[in-house]
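Today I am looking up pockets. Here is the structure I have open, and my notes follow.

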Amino acid sequence: MIRTGIVLPTFRDTPDEAFAVAAEAVEAGVDGVFCYDHIWPLGQPERPALAPFPVLGALAARLPARAGGQDGPFVGTLVARVGLAPNDVLAAQFVALNNLAPGRVIAGLGTGDKMSEQENRAYGIPYPTAAERRAEMVSLGRELIDAGLTVWIAGGTAWRTDEARAAGAALNLWDAEAAVVAERCSSADGIEVTWAGPPPAAVPPLGERVRALHEAGASWVVFGWPVDLHDLVDAARDA
């Protein structure tokens with residue numbers, strides 16, 4: 001069965017809603033909860049954004065087992081942005097999180113793009129070239145895999161496979177059509193392919209989209225909030 005996840009509502013002043021949604025997701029049988037890594041929502045510097053690791057650390061310590069008595073849910077970033085903090089800092093945060101949720105951490109890594117550059121600039125954080133950021137992402141991915149963590153490498157807007165292959169990580173495709181997922185699954189030399197995207201639209205229906213992504217070869221589907229949790233779990237089960 002394809003695994004399911006949600007990206008929690010963390011563009012808020014407090015984590016209360018994220019905690020409540022995570023608890024509901026676990027009760028419904030969702031497999032994983034994820035957090036964005038932004039200083040503010042893209043293009044909206046006037047709005048708040050909670051840092052991912054404190055939220056995920058609190059959830060790792062407080063979430064119960066999932067429906068059916070299985071281990072607690074996976075917790076992860078979607079995605080931790082290389083270059084926003086030094087690789088050593090990111091690695092230490094992931095390792096600390098893994099101490100709270102051993103074997104249940106998904107280190108989703110990305111490099112950001114022109115849309116997120118202004119976050120770095122606003123705080124005087126260097127913004128290296130795309131090639132430099134991708135190289136840093138591969139290096140961090142390898143380090144985390146060596147530490148025993150599960151790593152997803154974002155394919156970016158072009159759904160690249162190079163960095164995931166170089167790191168030995170899974171490839172995460174953001175809002176890609178099922179045909180793109182199928183093509184990457186067939187051409188990525190056995191690399192696991194996961195899918196994530198924004199909250200589901202009415203068309204196509206949620207069940208139809210999950211089924212198409214499953215048939216294309218995706219091992220995970222992760223939707224942004226809001227999403228009907230029970231419909232998501234049922235769609236994965238039916239797929």
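I began with the second largest pocket, and I found its lining made of Asp 37, His 38, Ile 39, Ala 51, Pro 52, Phe 53, Pro 54, Arg 81, Leu 84, Ala 85, Leu 90 and Gln 93. Helix H2 (52–62) and helix H3 (87–100) are the elements that give two or more residues to this lining, and H2 gives the most, three residues. I noted that helices (H or I, at least four residues) and strands (E, at least two) are DSSP runs, numbered from the N terminus.

The model is predicted: local features need pLDDT of at least 70 and side-chain atom pairs pLDDT 80 or more, while totals for chains, interfaces and linings use all residues. Residues are numbered from 1 along each chain as its sequence is written, and side-chain values use heavy atoms, without hydrogens and water.

My reminder on terms: on a 1 Å grid over the protein atoms alone, a pocket is an open set of points where a 1.4 Å probe fits, with protein on both sides within 12 Å along at least five of seven lines, and lining residues have an atom within 4 Å of a point.

Next I checked the volume, the space filled by probe spheres set on the points. For the second largest pocket I read about 170 Å³, and for the largest about 1,000 Å³. Of the 39 residues lining the largest pocket, Val 79, Gly 112, Asp 113, Gly 156 and Trp 174 are the closest to its centre.

Which element supplies the largest share of that lining? I found that H5 does, with four residues.
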